[in-house]
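Me: I am new to this structure and would like a close look at a single part of it. Please keep the answer plain.

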Amino acid sequence: MYQQYFNFSEPPFSISPDPHFMYMSERHQEGLAHLLYGIDRGGGFVALTGEVGTGKTTLCHCLLQQLPANIDIALILNPKLSAIELLATICDELGIAHDGMTAKSLIDAINQYLLSAYAAGRRTVLLIDEAQNLSLEVLEQIRLLTNLETSKAKLLQIVLVGQPELNAMLARRELRQLNQRITARYHLLPLSFDETKAYIQHRLRVCRGSHRLFSAAAIRRIYRYSAGVPRLINILCDRALLGAYATDAGRITPAIVSRSARESLGLKSWLPRWLPAVAAAILLAGAMAGGYAWRHELSLLRPAKPLTVPEAAVSKPVAAQPENPAFRAWLEYSAPAFDVALGELLRIWGAAVPAGRMADCRYAAELGLNCLPGTGNWKDVLALDRPALLEFADGQGRKRFVPIQAVEQGRTLVLAGGAIRFPLADVLADWDGNFLLLWRSPRPGVSEIAAPQKSAEVLWLRDRLGQAMQLAKAEAEPDYFDDTLKRQLTEFQRLQHLAVDGIAGARTLIHLDNLTGAADSPHLQAGQR
């Protein structure tokens, strides 16, 4: 109802677990890193716990998008099953044919599948959400599945995701064998106030809304009602936007938030004085339950934070910072300045920088290449799929630029020239999300196609959108930018998670070019295309 009123491209505070809206707080980054670390080690169990609404399921969806291509995953969303039903569901998820519904026939079928997958160089992961609902019988059956192994490796990796009750279950004496097999575990905590502010602004940015829509006092009120739980934040913000729309308000105030809390959370006129104490207790209990035993082994995977950071400095978490000395040392002493790094990027495109000429975007334009600066996360850079410069600051605060030529197996970054490689997690741990890439328009000299343009470029855009979206081609299509073309373009942008503005700008043109191979351009993931 309020989407058009506030000019949103889509509702910003849906409670569905959409990774497109994922805000990676310090805690979510650390949780994702523990999951990836546990899966990378192979075999055994990984456990992720957290209170209701803290983002566990969304984090799992984010995990699924970052798993290597050689991993097959069975996702169990409803674990209230018997042991036989669980085995049958695993077979269904992995496409395993089986005869009968006995434990032996199902386990034999799963074992045969895992052996074949292992021989083909593939790995298998079983992810169970809401795992606190598993019965003791089913948990024991799950433990027995990890006995499927070769002489060198476990054949099945199991990820358990659940509420804090899962930790209590695993601590029971009869489950001590399973508990001892957990190689990585993490307890996901609510957001801090600064993270809550950045979270709200991030979701507004994603749907093209104003980050000033919520007043500072309103955000503080939201935090006090929600205690930093993302699901409650979404519910409150959604209701507050509806309330503003109903009263023709242009900005969300504390009064609107309080009214929304009474309507959506069933609260009376109260401001919970006890809430900070409860939040502190949750933080302490979570820190103890999280088990940071792997902190010194782990290089955290840290996707970029949104550009809309709070005005006040974000408070640092108690957790120790990840250590990645190899990359940090290179960044401190060897990372190039902008002109040198851009020269490396130009060489990847097959262009040389003449002696005495500085590499800059003006020179790139003379070669028919466009500079595209941006701020986002690693997923955004991968989607554009062009060699890029990632921006960093060294120990003295000086800007340094890392020219990325390629990504190997989704985990290793190859720098320009191909001689230097760093683990992706090490690089992303220090990256703040700023990047620049070069791109060549699929239509020479054209960097934007929009209404009310009338040209051959419009016909080209119709054709590319038709191919991308498998649209029926009309006998005579107009060469002017009409409403039909705009609707098709905005739908394409929505499907590609681009800014939905009805304008074929740089990012839209790159995505359209990628769908047909972009043969004239180098790619970050060239070996995986």
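Leaving aside neighbours within four places in sequence, which residues is Glu-457 in contact with?

Reply: Glu-457 is in contact with Arg-443, Val-446 and Ile-449, once its neighbours within four places in sequence are left aside; contact means heavy atoms within 4.5 Å. This is a predicted model, in which local features need pLDDT of at least 70 and side-chain atom pairs count only at pLDDT 80 or more, while totals for chains, interfaces and linings use all residues. Residues are numbered from 1 along each chain as its sequence is written, and side-chain values use heavy atoms, with hydrogens and water left out.

Glu-457 lies in helix 18, residues 456-469; helices (H or I, at least four residues) and strands (E, at least two) are DSSP runs, numbered from the N terminus. With a relative accessible area of 17%, Glu-457 is buried, where buried means under 20%, exposed over 50% and partly exposed in between (1.4 Å probe, protein chains only).

Ile-449, one of the contacts of Glu-457, is also among the residues with the most contacts inside the largest nonpolar core, together with Trp-378 and Leu-461. That core has 41 residues; a nonpolar core is a set of buried Ala, Val, Leu, Ile, Met, Phe, Trp, Tyr and Cys residues joined through side-chain atoms within 4.5 Å. Domain 3 (325-440) and domain 4 (449-516) both give residues to this core, so it lies between them; the domain bounds come from an automatic or database domain assignment.

Not counting residues up to four places away in sequence, Trp-378 touches residues including Leu-390, Trp-431 and Leu-524.
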